Each structure stands twice: as C-alpha cells, then as structure tokens.
Amino acid sequence: MRLAIAAAVLLILAATAPASAQPARRPGAPVRAQDRFYAGVDFGVQSGGESFSDAFTFPANAETARIAAPYETKSGPLLGFFFDVRVWKYLSAGISFTGHAPESDTQVTGTIPHPFFFNRPRSLSGDVSGLERGESGVHFQIRALLPVSRNPQVSVFGGPSFFQVDQDLATGVHWTETYPYDSVSFTSAMTETRSESGTGFNIGADVGYFMSRHFGVGGRVQYASATVDFPSASGTGSVQSKVGGLQAGGGLRVRF
Amino acid sequence: MKRLTASAAAAVVLALSLESGSAQQPSILRISATRLDELRRWDGYVSARERAGELKTLRVDRDPSVPGRAIERLQQYHQGVPVWGAQVVRDASSGVAESIFGELSASLTLATTPALSPDDARTRLLESAGATLLRQPQLIVLPMAGGDARLAYSGVVSSDEGIFRVFIDANGGPELLRYSEIHTQSAVGTGVGLSGDTKKLSVVQQAGQFLADDRLRPPSLTTYDMRADFGRLLNLLNGFIPFAPSDVAADADNAWTDVSAVDAHAHIGWTYDYYFKRHGRQGLDDRNRRMVTLINGVTPQGAVTLPISSQFTINAFWCDTCGPGGVGTMYFGNGIPPNFSLVSTGQNVFQLAGALDVAAHELTHGVTSSSSNLIYLDEPGALNEAFSDIIGTAVEFYFQTPGTGRDQADYLIGEDAFRAFRPGSVNGIRSLENPRAYNQPDHYSTRFTGREDNGGVHINSGIPNNAFYLAIEGGANRTSGRTVQGVGAANREQIEKVFYRAFVFLLPANATFSTARAATIQAARDLYGATSAPVTAVTQAWTAVGVN
C-alpha cells in the first residue's frame, strides 16, 4: 500500500511538473517568494496497516466469557485542504485539515462458558464487518518554500497535529446455541463508537504547478501521526491506537 | 430523480392503503412485502419515510444462515419522538430488498411537547407503582387500542409485586398501560453439593427468585422441595393433590446451598445429558417425557425421630405412576444425622441425591419402564436393577475422573452417600467389580432363589453387574475363576452401548439372565461385528459369571 501511495505521489509530481510548461525564467535568477497566501484542496489516500486490539469479558453461565477483538486500520480515501500565510521570506505558517473514514473488519474470538459445567469453555469466532473509523486531523504547519523554482513551486512543511478519532469497537457478542450446548455459533457483535483525541506531528512536502498567476494544481504527501487511547470495551483500561499515517493526494492550488 | 420516484411510490402506497382500508382513516399501516411489485412499492415508501426522518435505523443485523443479507430494523418517529413498537424490518441483499415487514402508526397528528417534565414523570412513575425506577422515563408516542395514540412517558418500575413497564400520560393524565417485564428467563445458578463441590444449575428466574426448573434441556426437568412436609409428599406421590408453584425448589440469590436440591437437580440433568450424548436418547421415554424429582420429604433428624419408613429416608426411588396425573417421579431421601449409623451396615447415610450413580440409577428405572419394562421380580427384576446400576456407573465414568474418593468414578454404587462409619464398614451399597463384598452373588451358581426382595432383585443383580464390569475391565470372576478379555477402560463406551441396546431395545419384559446374555451378544454383533472385541468380551463375561 505504501508503494502504491508513493507511486501516486510520483505520478502527481510528474503530472504537475512538465518541463515544457516551465514559465520563462532567466537561468541563475533567484526565486523570490512573492505570494502571501497559498491554499489548496487535495483528494488522495491514507495508508493503513496499523493494528491494535481490545479484549473484554462479561459474566455468562456463572463464569466469565472472554472475547478478543483485533483491529487493523485500513487505507482509504483522504480529503484534505490547507491554508498558508507567508510570514517571512520563504517561510509560511498554515493550517491543514484532513479527513479519512475507512471501514474495517475484525474477527472476534473468545470463549463462552458452558451452561451446565464449569471449565468447559466453548470457542466462539466470528467476523464483524462494517466497523467505521473516522479520523479528522488538524495540522499546524510551518512551510518552507524551496527556492529552486517558482513553477513548479516546491515546499516542505512540518508541525504539530491534532486528531479526533471515532472508532467502532465490538463491545459484545451474540451467539446461538442448542442443546447439548457443546458449541456456540457467532451471530453478530454489538458495537459502540468510541471517540478520542490525540496530539502528534506532521511532516511533508507540497508541489504546486500553476497554469496562471493564481491557480494551479498540486500534490502533497505528508506523514502525520498521533496515538490515542480509547476506553476499552471491557469498561476498564484503554486501547491504544495509532492515528494517521502516510497521506498523499493531489488537487487544486491557489496563491495570491 | 430517485427522490421523486420514492416520493411518488410513497404517495401510491398511501393511496393504496387508504383504498384498501374502510371508510375510516387507517391507523395502522401493515407492511408485508415479499413479491417484487410489493417490494418496489414498500421499499420506496420506507426510503421516503427515512428521508423525512420518520424512520430511523435502529440496527443492522446479519444472519449467518443467509450470507450476504443485511437486515435493517427501522424505528418509526413522530416529530422526533419514537412510536412505541412501530418498526419496519427490511431484509436486503446488496441493497435490494428481499422482504419488508412492519407495522406503523399512520396519520399521527398529536403534538409532542409534553406537559410533564422528565422529573415529573419520574415522580409520577414512582407514585404509581412504588419502589424503584429501573429504567428512566422515555418520552414516546403510545399507540392505543382503538387507533388512538397518546404522548406518554415509559419507564420500568420494580415493586414488591414485580417488575413492570409502566406508561403514564405525558400531559398529566392517568396511567395508560402497564405490563410485567418479568419473562420467565433461563438462568444458570451455582450450588454446593454433598461433597462440597460447586455445580452449575439450570434454573429459571421468576418473580425475584430462582426456581429449580430446567428450561435449557429439552424436557421439563423440575425439582420439587417438600420442605419436610411428609404429608404433602405422600399426597403428591399418591396424586391426591397437584403441584403448587411454591413446591418448586427455590433460592433467593441463585447461589444454592440446599445439598439435596443442588445435587438432585444437577445429577438428573447430567444423566439426561449422558443418555443424549452417549446413546442419542431423549430422556425417559425417548420423547422427552417430563422429569419430576422430589426432595426433602424428611429431614435427617426426622429420619431418627419420626415414625417414617426408611423408604423415604435412606432410600431413593423411581415410581412410574406416582405424582399428580401419574406423571412419574423420582424421590431422594436425606439420609440420617451425621452422628448416626445404620445398625445393619455401620454406615452413615447422607443425602442420596448427592451420589451421581444413585440419581442415574433411579432415572434409569424410568427409562426401563418406558422401554423393555423388565418385570420387577426374579431374574427380570434383577436385570432391571442391574441395568440401573450399570448406567449409574457409566454416568459416573462419563462425568467424573476415575478414582476412589468422593465424586470420583468407580464400580461402587452409592459410595458418595453411604459412607463407612463404624469400624469395618465400607462405602457404598453394591459393587460391580466385587459383588460378593456386598453380599451379592457374582455367579449364577450362587444366585439367590428365595422370595425376599421380589425374588432377590437387589441381590442377584450382582451377576449381570459383574458381567458388565468384566466385559470392560477384564480379569477373572472370583467364583468361577474364568478370565475375560475385556475391551479396556478406554473402550468402555462399546460395552455401555451394547448393554443399552440390549436392555432398552432387545429384551422382553420377562427376560432371564440367559436372554440377557444372548441379547447383549447380539447387540455387540449389531454394533461392532461378529468377530469384534466387544462380542468376545461380552460372551466371555457372561460365561465367567455362569450364565449360558
């Protein structure tokens, strides 16, 4: 997946930087930072692959049922936009927003006590699909315009990130069983959405190619990451999950 | 375009509903759509009501038996307030509806601003029903009988009379509706048995207490507590009076401490399980005949102070025709006080239900009654007794680990209830391994031929008992010295199945030991082949005990 993202970024970079489209600039002339504002909107993807797991117990048949639920974040579409203000020479301060809402699956596994006998747990396993995860990121960024070319315009940036994450967690299971109850069949899981926020960082690069004085297209790749602690479905403790990841996208650019 | 189509469909549906109803405006909109044309109409209607905010998804389920389906349950709302019980269920495959069912309140016009605040409602609910509010009041629209609808608060209230869902008028009017929230609910309790072991009990929760009424197993399996009311016990056994709900053994916190109730209820359930799992049998009559157990007819102290037959104190029995309506009952005595011993054997006797093999023994008499119905006299009677001992032992080995301690599997009968007390006394009342140690014959040549004990049904049972033992474990009969090549403890299931098939299906009611020999050998052939180890073991075992 990371390879695909990198390939997408390269394509975007290639698309936004055709040699024939270079505006006239005298060789050796310095690139000057002329524009005060730089903004854009991007559509892209965010990498997945981060895994975390939760476990919970509940009383059943005079013993304790134990369920484990591993989760893995999935790659998925990303929507982002940013706005920068030049503060000094080639340096800008800005803010960007990203939104990422992939669906994910988990396979819950565990044991359900037997209704008639102690210490005869029955195994339970089942797929839970359609779990939703929503990541909203606010990224504060200091951007440095690289004085290499005015078009395409290349910059790097970094700064702190704040994430708000809504994650569906399995909080219970339903099963069917028939006499003599030596096995159970998973039917469904109860899920709840847990919301938490976390603070991390972001670092990345942006390339913009302008077809006119103010408008152009561009691409951006950034790595933004934070860690959040969701309340565990067990009711005690927490589940730690990494948020963010490699984000890449392309879209419209405007400068003025 | 889609929105227009859906709205148009909704309009058509409403028009159809109005047409199909009487002259009055319909108050209930019933949806039952499975045909394509119906589904098109109702799916459009439901979608339109969703967009209007009148239906909201409660949850989406997936039925693993029909993969690929998503079953969406939608709740009806009127001006943002849920309409009680008004739901639509749409089963869809890849977004295409396969069926839609529901009942909605149509043409609701009532205002949804309540005169009572939630706090007022809380107060009113408690005034109305007393005690505790278990679930906070929720504002709802309550469809009433007759087509009316009322704005109401609904809450769950617990009182001495039970647990009720109560609906009160949200505009300050009277209580509108209440119904019991107590569903007879299966529960799993725990209890401490005779040996101090903790067992699980399948019970029901009802009216704030737990009853020894097993609803998890296929038959009705109920344990009745006579609470030392011996007269009531006799009246019930004689069928003179019916069972009262209060006769069912009960416990307040589901942590049971009455040894007889715990062990009788658990052990009868286990025996049912043994028959089902080992032999595929469904209870007493293979048709899940009701299983009724009576306990606590007499206290241990009463056994030595009251003029009551030992039948009800140091005994357990099955009576096929006892009980109200001749339902058939098992009864387990409570034994005698710990500091007493039987004059005849020097044993102390504890609650008989505490011995798993005794419980299985009695239940097996019920199985025999419903199958071969071996006459309880002379050799058929001894076979009847032997089969109960055989299954009692088999159940022990099925659920307990082999050993000589309490709650361990062995070839003794009743060893967990009949305990050695005086010096020289022994545990248990019979032995399949060594019948002679309990004054039973282990060989046909030494059989009892008198008239006592129905012709020695509890005496001569030692002979087939020993044949069963030898067929499994092998070894020599103590009287004949003949040795048997048993199938081994690891293969005990084979001999159990052989004896079950013979005694339940093949034996006539007046079977002799010789018939039992032939039937068990035939059963072994049927099950495992003519040259199989079980055939050899069973044949040698009967020969060893002198039955040809």
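In this predicted model, chains A and B meet in a contact built from 11 residues of chain A and 15 residues of chain B. On the side of chain B that touches chain A, three elements each supply at least two residues: strand S10 (185–192), strand S11 (198–206) and helix H5 (259–279). H5(B) gives the most, with 4 residues.

Nonpolar side chains tend to be buried together in soluble globular proteins. The largest nonpolar core here has 109 residues. B:Ala359, B:Ala467, B:Phe468, B:Ala471, B:Val538 and B:Ala541 have the most contacts inside it. Domain 3 (184–368) and domain 4 (371–548) of chain B each contribute at least three residues to this core. B:Ala541 is in contact with B:Ala467, B:Leu470, B:Ala471 and B:Val484, leaving aside neighbours within four places in sequence. Another core, of 34 residues, lies apart from the largest one. Its members include B:Tyr77, B:Leu104, B:Leu142 and B:Phe167.

Strand S3 (residues 69–78) pairs with strand S4 (residues 81–93) in the antiparallel sense, over 9 bridges. Within this pair, B:Ile71 stands opposite B:Asp91 of S4(B). The hairpin of S3(B) and S4(B) has 2 residues between the strands. In its turn, B:Gln79 has a positive phi of about 50°. S4(B) also pairs with strand S5 (residues 96–105) of chain B, again antiparallel, over 7 bridges. Here B:Gln87 stands opposite B:Glu103 in S5(B). The hairpin of S4(B) and S5(B) likewise has 2 residues between the strands, and B:Ser94 takes a positive phi near 50°.

Notes
Residues numbered from 1 in each chain as written. Chains lettered and ligands numbered in written order. Predicted model: local features only at pLDDT ≥ 70, side-chain atom pairs only at ≥ 80, totals over all residues. Contact = placed C-beta atoms within 7 Å. Core = buried A, V, L, I, M, F, W, Y, C linked by C-beta atoms within 7 Å. Buried ≥ 20, exposed ≤ 12 C-beta atoms within 10 Å, placed from the backbone. Domains from an automatic or database assignment. Pairing = 2+ DSSP bridges.
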